[in-house]
Structure formats: structure tokens, C-alpha cells
Amino acid sequence: MYVCNCNGIRERQVRAAIDAGAQRPADIFRHHGCQAQCAKCVCEMRQMIQDNREALSFAAE
């Protein structure tokens, strides 16, 4: 599924960027060598980053 239609970034690519250390949507765009266009995807990217942080903190307990 596409997260960012403007840049053609799929969910698995967002997750790969997060796994590589992306902490903000800007980091995800930079990881893929592009920039935000319409920014409709930013909220979903933020949620994916937050979900990943929660999963990691839960796993650490």
C-alpha cells in the first residue's frame, strides 16, 4: 500500500526507513531521496514512527 502517493513510497519502504533510524517524516523522505510534496502522508508516517517506538519500548520491558 502506498503511504506517499506523490513520491511513490510504500508502507514497507517507510518501515525500512524507520528501521534504519528515521525519527521524523523528513528523515523518511531523505532516506528515499525525495521531499514532501502535498504532505498528506506526514500524519500517517508520524503514526508509524510512534507505533514503532511503542513496540520497541514494549519489547524492551
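Student: In what order do the elements of the chain run from the N terminus on?

Tutor: One begins by following the chain from its start. In this predicted model, the order is β-β-α-α-α, which gives 2 strands and 3 helices. The radius of gyration is 11 Å, close to the 10 Å that the globule rule gives for 61 residues, so the chain is as compact as a globular protein of that length.

Student: What does the C-alpha trace span along its principal axes?

Tutor: The spans are about 40 × 20 × 15 Å.

Student: How much of the chain is buried, and how much accessible surface does the chain have?

Tutor: A residue counts as buried when its relative accessible area is under 20%. Buried residues account for 28% of the 61 residues. The accessible surface comes to about 4,200 Å², and carbon and sulfur atoms hold 48% of that area.

Student: Which residues have the most contacts inside the largest nonpolar core?

Tutor: The general idea is that nonpolar side chains tend to be buried together in soluble globular proteins. Here the largest nonpolar core has 15 residues, and Val14, Ile28, Phe29 and Met45 have the most contacts inside it. At least two residues of this core come from each of β1 (2-4), α1 (11-19), α2 (25-31) and α3. Helix α3 supplies the largest share, 4 residues.

Student: Which residues does Phe29 touch, if those up to four places away in sequence are not counted?

Tutor: Phe29 touches Cys4, Asn7, Ile9, Cys34, Gln35, Ala36, Cys41, Val42 and Met45. Met45, in turn, is one of the residues with the most contacts inside the core.

Student: Is Ile49 buried or exposed?

Tutor: Ile49 belongs to helix α3, which covers residues 42-60. Its relative accessible area is 4%, so Ile49 is buried. Beyond its neighbours within four places in sequence, Ile49 is in contact with Ile18, Gln23, Arg24, Pro25 and Ile28.

Student: What share of the contacts between residues at least 6 apart in sequence joins residues at least 24 apart?

Tutor: That share is 46% in this chain.

Student: How many positive and negative side chains does the chain have?

Tutor: One counts each set and then compares their centres. There are 8 positive and 7 negative side chains, with the centres of the two sets 10 Å apart.

How values were computed. Residues numbered from 1 in each chain as written. Predicted model: local features only at pLDDT ≥ 70, side-chain atom pairs only at ≥ 80, totals over all residues. Heavy atoms only, no water. Rg over C-alpha atoms; globule rule 2.2 N^0.38 Å. Buried < 20%, exposed > 50% of the residue type's maximum accessible area, 1.4 Å probe, protein only. Contact = heavy atoms within 4.5 Å. Areas by Shrake-Rupley, 256 points an atom, 1.4 Å probe, with all protein chains shown as cover. Lys, Arg positive; Asp, Glu negative; His and termini not counted. Charge placed at Lys NZ, Arg CZ, Asp CG, Glu CD. Core = buried A, V, L, I, M, F, W, Y, C linked by side-chain atoms within 4.5 Å.
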